[in-house]
Amino acid sequence: MKKHVFSNVDELQPSLLNAFFDDVATRPHVISLSVGEPDFPTPWHIASKGIQAIQDGKTFYSASNGLLDLRKAISKHVLKEYEAKYNPSEVLITNGASEAIDLSLRCLINPGDEVVLLDPGYVSYEPLVILCRGVPVRLKLDFNSDFSIDISKLEKLVNEKTKAIILNFPNNPTGGVISEKSVQEIASFCLKKDIILISDEIYSELTYSKENCSFLKAKDFKKNLIYINGLSKSYSMTGWRIGYVLSNKKIIEKMNIIHQFSTMCPSIISQYAGIEALENGDDDIKEMRHEYFKRRDYVVDRLKSMNLELVVPQGAFYAFPKIPDVGMNSLDFCKSLLEEEGLAVIPGTAFGENGEGFIRISYAYSMADLKMGLDRLEDFIKKHK
Ligand SMILES: Cc1ncc(COP(=O)(O)O)c(C=O)c1O
């Protein structure tokens with residue numbers, strides 16, 4: 001094989017998340033609180049529209065930017081929820097939010113461009129920046145400030161090479177949300193510096209006692225905003241692979257060029273199901289959110305009773321507690337927990353080096369699994385203290 005046969009993919013390490021999931025899959029008695037995936041079946045009225053599409057022979061390519069009716073439904077949804085005016089030509093349907101993140105970066109980043117991202121933060125941002133030969137710049141979130149954004153710290157990381165900032169609220173892995181004041185300040189800053197803000201709001205429907213503010217609420221921000229969302233989390237549709245982007249027409253057209261050449265279009269069957277989700281799925285969201293809310297309270301109470309320090313999560317479905325002082329780093333803690341107690345959770349370092357000292361617990365699991373899993377965590381801590 002030729003030397004240097006691969007591209008800069010060689011600079012990437014495989015995701016720690018996937019390594020964990022693969023390991024857990026081989027251990028049948030393990031309780032997993034590791035995956036960030038809703039445990040509810042896709043609501044039947046939504047799934048049946050996918051089946052209907054197959055029965056009706058709607059099994060071909062769609063327009064690359066997505067079915068007009070789905071884009072119209074998204075325009076209507078964001079107008080109703082956020083008073084944000086985006087017409088269907090400013091919407092792009094993607095293969096999950098994952099493709100939307102990739103397209104955003106690929107259409108913006110030239111070699112050497114800097115991209116500010118959160119640490120801890122979602123696992124795919126940094127590798128995708130590196131694949132574009134951009135330079136990731138980490139904004140460290142601080143436990144003592146509730147993992148919220150310190151805008152003066154953010155401003156200090158920005159220079160003339162900064163092309164974009166990627167934010168994600170409600171946040172994976174911390175469960176943090178963002179206030180309206182921060183949204184307005186960050187938007188004004190991006191406008192002043194002419195930086196693109198990529199806002200991944202895939203957990204927008206999952207907030208609990210505190211409100212999260214969407215960047216769609218920021219005034220006159222369309223010029224600099226790439227808004228990403230999707231149906232995976234809110235409607236329990238991870239396997240359907242429908243995400244979407246809202247931005248100005250110029251950015252959407254550029255993203256669509258890459259999208260056409262790389263994936264052509266998302267599954268048309270899923271897009272028909274997506275129309276039903278957006279038009280008639282509000283009650284499903286409410287019901288699932290209600291369940292997550294109960295689970296969140298249960299998980300927080302249990303972690304507090306184990307004397308684990310944590311910022312009470314206000315959104316998404318993750319808790320991100322500090323590990324107790326048992327002489328182990330996050331990775332060793334998770335490995336030993338898996339070996340000794342058969343409980344899988346994710347080491348905080350999977351989300352960046354600033355995640356050291358934390359673990360991520362997903363509460364997108366049944367109450368029975370949560371109870372059993374947290375009992376195991378409690379036993380493990382007692383044993384090692
Ligand atoms: C913050 C964040 N963004 C994007 C994604 C990917 O979502 P999708 O299933 O729509 O590709 C996830 C999935 O866990 C996520 O947590």
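In this predicted model, P173 is found in the loop that runs between strand β5 (162-167) and helix α7 (180-193). The peptide bond that joins P173 to N172 is cis, with omega at about 20 degrees. P120 has its place in the loop between β3 (114-119) and α5 (125-131). Although D194 is not a glycine, its phi is positive, at about 55 degrees.

Helix packing comes next. Two packed helices are described by the angle between their axes and by the distance between those axes. For helix α4 (residues 96-108) and helix α8 (residues 249-262), the angle is about 115 degrees and the axes are 9 Å apart. Since angles of 65 to 115 degrees count as roughly perpendicular, α4 is therefore described as roughly perpendicular to α8. The crossing of α4 past α8 is right-handed. On the α4 side, the contact is made by E99, A100, L103, S104, R106 and C107, while α8 contributes I251, K254, M255, I258, H259 and S262. Sorted by class, this contact of α4 with α8 comprises six nonpolar, three polar and three charged residues.

Helix α2 (residues 44-55) packs with helix α9 (residues 268-280) at an angle of about 145 degrees, and here the axes lie 8 Å apart. α2 also passes α9 in a right-handed crossing. From α2, the residues that make the contact are H45, I46, K49, G50, A53 and I54; their partners on α9 are I269, Y272, A273, E276, A277 and N280. The class count for the contact of α2 with α9 is seven nonpolar, three polar and two charged residues.

The largest cavity holds about 40 Å³ of space. For readers who would like to find this cavity in the structure, its lining is formed by H77, S204, E205, N229, G230, L231, S234, Y235, Y244 and L278. By class, that lining has four nonpolar, five polar and one charged residues.

Note on methods:
Residues numbered from 1 in each chain as written. Predicted model: local features only at pLDDT ≥ 70, side-chain atom pairs only at ≥ 80, totals over all residues. Heavy atoms only, no water. Axes fitted to C-alpha atoms, helices over the stretch in contact; angles between N-to-C directions. Helix = DSSP H or I, 4+ residues; strand = E, 2+ residues; numbered from the N terminus. Parallel < 35°, antiparallel > 145°, perpendicular 65-115°, else oblique. Left-handed = near helix turned anticlockwise from the far one by under 90°. Contact = heavy atoms within 4.5 Å. Nonpolar A, V, L, I, M, F, W, Y, C, P; charged D, E, K, R; others polar. 1 Å grid on protein atoms, 1.4 Å probe; cavity = no way out; pocket = protein on both sides within 12 Å on 5 of 7 lines; lining within 4 Å. Points joined across faces, edges and corners; volume = space filled by probe spheres on them.
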